[in-house]
Each structure stands twice: as C-alpha cells, then as structure tokens.
Amino acid sequence: MKHLLTAQDLTRHDAVRLLDMATEFSDVANRSVPKLPTLRGVTMVNLFFEDSTRTRLSFEAAANRLSADVMTFQVQGSSVSKGESLKDTAQTVEAMGADIIVIRHFSSGAAHRLAHSGWVDASIINAGDGTHEHPTQALLDAATVREKMVSQPRGADLSGLHLAIVGDIAHSRVARSNVFLLTTLGARVTVVGPPELLPSGVEGWPVHTSSDLDAVIDESPDAIMMLRIQKERIKGDFQPASGDYVRHFSLTKDRASRLAEHAIVLHPGPMNRGVEIASEVADSSRSVILDQVRHGVAVRMAVLFEVWGGE
Ligand code: CP
C-alpha cells in the first residue's frame, strides 16, 4: 500500500492487519526507550492546511517512535499566504527530502490529487480532507472499539457489534470514514442526526439512519460515537447548536444512563462539552475518548510502516 487516502480502500484483511500491527506497536510506548529503528532515514512531513491537535501530534509521535525524521508545515506563517499553491508547497517539501507526506486540507479530494497528480513521488496519507474522509481516525476508533468490546482482539473484526454515530453526519469526514471501515469490519452502524445534518445520498451508505436518538438508545448499541457540529463547514441558516439540538441530540447524563451497562462512549475530538456531549458523560467510566487518543499513536505507526513497505 503506497498511499492511504480513504477507508474505502481498505479490505477487511487490510484493516485487521493494520489493527493487529497497531496492537504490536502499542507495546513500544511501555519500553524505557519508546523507539524502534524501523523508519530510520525516512522523512515524514506533516502538511497541515487546517488546524489540528490530535492528528498532527500523534503522527509526529508515531514517526518519532519509529525513528523517522519529522518536518511539520502549518499553513499559518507559511508562504501559502503569499499565494503558493498546493503543488508548489508539496514539491518544495519533497525537495527537502519528504518520503511520506501526511496532508490535512480543507478541500475534499486534496490527498487524492496529491497522490495521483504526478506532482510528487512521496507516499501520501490523508489526515482529513474537507468533508470527505479521515481514514486514520476510523482506524483508531476501530482499534478502540476492538480493544474494549472484543475478548480476543488479535485477528478479530467487529462482527456482531452495533455502533451508533450521532450528530453532524453531513459535514463529518470522521463519520464517513467510520461508516465504511466499521461496516467493512462487520459491525452494524446506525447514523443519527437531524434531517438537515444527514448527508444527501446517505440512502446509498451501508447504514441505518435515524433522527430519533432516544429510540436508537433503546436499541442498546454497544458503542455510541458523538460528533461535533462542524460549524465552520455549515452554510445557510440552520443553527444546530440551539436548545432544540441539545434537547434532541446531546448525550446527556440521563441518556447515557439508559445505555447498556457494557456500552462505551467515543468522541473523536475536539469536543464541545454541553452541546453534543455532557461533561459528566465525557468524564465518565464509559468514556473511551482518551483511549482513542492513545490508539492514535500506535495506529499511525502501523500506517507509516505500511506505506513505507510494511516489511
Ligand atoms: N480527531 C481529530 O482529527 O482531531 P484534531 O482535529 O485535533 O486532529
């Protein structure tokens, strides 16, 4: 696998292999020197045209743990403000030695363009492109669900589990990548949100849809993933952070108390506490939000290793 552009590119076999590899790599964090020589001499560049905390830092941590050299580009303070294009920016970082480019961009399709335009030879990893995909987020979410919900995780998929993804599905690259990866791994997925925040074409997705969160909670999902409203991507008059939204779609303490005893709560972050999720729920024993962050490093180690040859 030279590039990782979408979760839809991953077969069940690919995904299980990456999750198993991430499980192996997660042990590195417990060593006195948490480093492997695996990618010594390889240079990874983080090319971030949008803000990030988790994804950017965890790719840096993952590359450092594999002994790769790391360069980070952030659009603020760069020559993009002088009109430099994506092509020229990518070719500039490749001329400085980039072997792997991790790109986050506000345009859907930017990672695909970089991988297939012939502008650069580097491996490309999509770290989030517009409203399209965020495949490494889906992998780390699957790793978290697998660790928490599957008794013998190595080699296993997510067959038999029911996950609900709740919120602004229409503008969420996390939702899209998760729908495709989780269903590839055998899970049943229900997406839940107000009709205005369900994407056009959702009928063609391999999911059930609902605009009734209480009814979905009554179905006892094994895991529920709450999503932020992507205000920065919403055009038009819909004001989803209104009291109505919180009343119908927030995971309040009361709603969380009606989940099955074993059910876990995920959120990819950043959270808007008191909007899509109550603080008490985010900080509760059901919450696996920081486990997701922890898995992010190991999953990204696995993806870096895989795009660099996987040997
Ligand atoms: N989940 C996620 O992509 O978070 P960041 O925007 O902080 O990277």
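Trainee: What distance separates a nitrogen atom of the ligand from an N or O atom in the side chain of Gln137?

Mentor: The model is predicted: local features need pLDDT of at least 70 and side-chain atom pairs pLDDT 80 or more, while totals for chains, interfaces and linings use all residues. Residues are numbered from 1 along each chain as its sequence is written, and side-chain values use heavy atoms, without hydrogens and water. A polar contact is a pair of N or O atoms within 3.5 Å. For the ligand nitrogen and the Gln137 side chain, the distance is 3.0 Å.

Trainee: How much of the ligand's area does the protein bury?

Mentor: A backbone N or O atom of Arg54 lies 3.0 Å from a ligand oxygen, and one of Gly269 lies 3.2 Å from a ligand nitrogen. Taken alone, the ligand exposes 250 Å² (Shrake-Rupley method, 1.4 Å probe). Of that area, the protein buries 91%.

Trainee: How many residues of the shell around the ligand are polar?

Mentor: The surrounding residues (a heavy atom within 4 Å) include Ser52, Thr53, Arg104 and His134. Asp, Glu, Lys and Arg count as charged, Ala, Val, Leu, Ile, Met, Phe, Trp, Tyr, Cys and Pro as nonpolar, and the others, Gly among them, as polar. One shell residue is nonpolar and two are charged. The polar count is six.

Trainee: Which domains each give at least three residues to the shell around the ligand?

Mentor: The bounds come from an automatic or database domain assignment. The two contributors are domain 1 (7–134 + 293–307) and domain 2 (135–288).

Trainee: What is omega for the peptide bond between Gly269 and Pro270?

Mentor: Gly269 also surrounds the ligand. Pro270 is in the loop between β9 (264–266) and α10 (279–282), where helices (H or I, at least four residues) and strands (E, at least two) are DSSP runs. The bond is cis, with omega about -5°.

Conventions:
A polar contact is a pair of N or O atoms within 3.5 Å; within protein, one must be able to donate a hydrogen and the other to accept it, and residues adjacent in sequence count only if both atoms are side-chain atoms.
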